Amino acid sequence: MKPSALCVALLGCLLSANSAWGAQGDIVATLDAYATRQAEVGNALWQHPELGYLETESSALLQQELREAGFRIQAGVAGMPTAFVASFGTRGKGPVIGLLAEMDALPGMSQAAEPIKTAIEGTDAGQACGHNLFGAASVGAARAIAQWLKDTGNEGEVRLYGTPAEEGGSGKVYMTKAGLFKDVDVMLHWHPSADNSAAQGTTLANTSGKFRFHGRAAHAAIAPERGRSALDGVEAFNHMANLMREHVPDGTRIHYVISNGGAAPNVVPDAAEAYYYVRHTDPAVVRDVFERLYKAAEGAAMGTGTTVDFEQTGGVFSLLPNDTLGQVMQAALQQVGGVNYSPVELSFAQRMQQTLEKRPALDTAVQLQPYRADMAGSASTDVGDVSWNVPTAGLSTATWVPGTPAHSWQAVAASGMSIGDKGALNAAKVMALAAVQLMQSPETVRKAKQEFDERRGADFRYQPLLQRDTPPLDYRRKADK
């Protein structure tokens with residue numbers, strides 16, 4: 001007697017489910033086996049923090065981990081010596097799933113892996129945004145996906161992008177402009193955080209750059225009338241920028257540092273520099289405000305008898321969310337779960353929280369935040385430009401003690417110990433599980449692309465905010481005195 005159509009359908013569903021669960025188990029087991037090495041890679045990047053476009057050793061280590069797993073490596077892409085693309089799988093057959101990996105540290109953030117503020121002697125930079133974990137976990141996920149492709153014989157390609165200088169250097173924008181993402185079907189990424197979330201949403205577009213004033217040096221006491229202070233130009237400019245804050249669209253953020261203020265008080269400085277960021281959800285507002293800033297800089301130079309020039313260092317779009325992909329990430333995150341602290345980690349977290357302004361319950365680290373598809377973020381990232389060119393989704397995991405803000409010494413500390421390692425391992429598992437799910441579901445990929453096209457609009461044409469042809473490879477080097 002022939003089985004009924006219903007029985008055949010049910011049997012097919014059961015076999016499909018068992019296959020899917022088997023694949024998920026294999027992915028998790030592969031990453032558990034790699035966990036110790038992944039933590040070693042993340043710690044190596046933490047112990048030797050490298051600034052944007054200077055991540056020579058960090059990039060080399062990530063490439064080596066992928067090369068050992070059979071990936072093909074293209075190094076030094078898009079005019080950036082530390083950028084690379086690593087590929088594994090059947091090129092031209094099956095879906096192409098991309099993963100992003102960041103690695104750069106932040107200046108002035110030296111900190112030991114301790115729950116009290118303790119700079120490391122002889123070190124200035126620190127992994128205050130956890131990019132050491134970002135890079136290591138993305139590599140771990142890529143390796144696990146590659147192993148799954150190898151073991152199952154499925155067609156498809158996993159491609160990891162080593163992206164330098166996320167912190168203000170806009171490395172991904174140059175990779176976008178170079179067309180490195182044009183054949184990617186879906187892009188996945190993650191970021192260290194104080195909690196676990198697959199919520200999708202937008203961020204702030206931004207433009208950044210350095211205003212350099214040039215004057216005339218003189219002895220500040222003997223012949224001050226002969227000098228024209230470049231620092232006066234910077235200070236006049238900063239004052240006008242602060243007056244502008246009352247007269248810009250709501251939600252605009254303007255921030256700056258004086259990156260060069262001269263060398264000695266008794267010398268009228270002939271060179272000074274201010275480093276600026278402007279952010280807003282709307283790229284058009286960012287363009288307008290920055291144009292007004294430039295006019296203010298010209299006015300400041302005119303009023304102080306100096307001259308000014310400008311070098312753009314970065315410019316990024318806001319994120320374009322994708323709910324279809326976000327739902328896939330959420331399902332994978334629910335399977336993986338949050339971070340459970342050991343007694344030692346719990347003690348570390350308790351001591352750390354005494355230094356924090358906000359102190360949510362420590363069990364937040366094991367909890368999952370509710371899923372949303374409309375989260376409004378206040379940070380900026382060059383992932384934004386990628387997301388307007390490829391359907392993109394991300395997540396965050398609890399690599400930091402609950403209540404920890406990004407770009408803080410507390411974030412550096414947790415990124416260099418086991419709490420950070422555990423969160424990063426969870427991120428690797430979520431991304432790998434999501435990628436395998438997408439490789440097995442062409443319909444989901446199709447829906448993600450349809451949503452992507454609808455959100456962008458039929459008339460969208462990508463015109464980057466970053467208006468320069470070559471990366472500012474020296475933007476993190478100290479300003480010339």
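W388 comes out as buried, because its relative accessibility is 15% (buried means under 20%, exposed over 50%, partly exposed in between, with a 1.4 Å probe and protein chains only). Keep in mind that this is a predicted model, where local features need pLDDT of at least 70 and side-chain atom pairs count only at pLDDT 80 or more, while totals for chains, interfaces and linings use all residues. Residues are numbered from 1 along each chain as its sequence is written, and side-chain values use heavy atoms, leaving out hydrogens and water.

The whole structure holds 18 aromatic pairs (rings of Phe, Tyr and Trp, the last by its six-membered ring, with centres within 6.5 Å; planes under 30 degrees apart are stacked, over 60 edge-to-face, the rest tilted). One of them is Y294 with F310, edge-to-face at 6.2 Å centre to centre and 70° between the planes. Y294 sits in helix α6 and F310 in strand β10 (residues 307–316), 16 residues apart. At 28% relative accessibility, F310 counts as partly exposed. F317 and W388 also pair edge-to-face, 5.8 Å centre to centre with 70° between the planes. F317 is in the loop between β10 and α7 (323–336) and W388 in the loop between α9 (383–387) and β12 (392–398), so this pair ties together parts 71 residues apart in sequence. With 6% relative accessibility, F317 counts as buried.

Back to Y294: this residue belongs to an aromatic cluster that also includes F237 and F290.

Technical notes:
Helices (H or I, at least four residues) and strands (E, at least two) are DSSP runs, numbered from the N terminus.
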